[in-house]
Amino acid sequence: MTIIFSPSTSPSFNLAAEDYLFAERQDDLLFLYMNEPSVIIGCNQAIQNEVNLDYCTENNIQVVRRLSGGGAVYHDSGNLNYCFISNKIVGKSTLNTDFLLPIVAVLKEMKIPVEIGKRKDLWLPGGFKISGTASYIGKKRELHHGTILYNTDLYKLKQALSSKQPNTQVKAIPSVPSPVKNIYDYLTEQFLPHMQADLFFKSFT
């Protein structure tokens, strides 16, 4: 598997790079990137139902639509994004959670006991979500991507994802709100040194 680290923090660039790697490459890839403050919405979502557009405009938070389905997520420099792209394997389901196993293994090695949830997301003890995922399946290729909340601004996350004027008449896929927590906060609560938390994050960058 080829691992690619994005040189950009532009959400438009990184999502376009995902599309390019999916359509134009034929090898198995892991694409890692961080974005500037932004809201990334699913391909079947209505922006007005997911995003506080006034808040995003006032705070220079970009809104970008992605290739995959799923719910809206907030990105900033405290959030790591991962994208697995691979060729389909005959006889193997593309809808399972196998793509999450390497992420789970790394986190558990760092003493972060995450569990895979019903929506292919990752949860900390106590019922806090740290990673949401979405997938896009083509004729020959499959793409699975997700987030890891390390030290995201959770106040901005909540504000940006709180629509003020939802249109219930629009046919669109709604997001499913979940309680979230940063990995950094979890490690701090467990009395681990801040240095270890920082080393964990740097190991991905």
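In what order do the 5 strands of the open sheet run? The order is E1-E2-E6-E11-E10, and the pairing is mixed. Strands here are DSSP runs of E with at least two residues, helices are runs of H or I with at least four, and both are numbered from the N terminus. Two strands pair if DSSP finds at least two bridges between them.

This is a predicted model, in which local features need pLDDT of at least 70, side-chain atom pairs count only at pLDDT 80 or more, and totals for chains, interfaces and linings use all residues. Residues are numbered from 1 along each chain as its sequence is written, and side-chain values use heavy atoms, without hydrogens and water.

Strand E1 (2-5) and strand E10 (133-137) each pair on one side only. Further in, E2 (residues 29-33) and E6 (residues 79-87) run antiparallel, joined by 5 bridges. Leu30 stands opposite Phe84 in E6.

Next, the interior. A nonpolar core is a set of buried Ala, Val, Leu, Ile, Met, Phe, Trp, Tyr and Cys residues joined through side-chain atoms within 4.5 Å. Buried means under 20% relative accessible area (1.4 Å probe, protein chains only). The largest core has 21 residues; Tyr82, Leu107 and Ile183 have the most contacts inside it. E2, E6, H4 (101-109), E8 (122-124) and H6 (183-189) each supply at least two of its residues. H6 gives the largest share, 4 residues. Apart from this core lies another, of 12 residues, among them Leu21, Phe31, Tyr33 and Ile40.

Note on methods:
Buried < 20%, exposed > 50% of the residue type's maximum accessible area, 1.4 Å probe, protein only.
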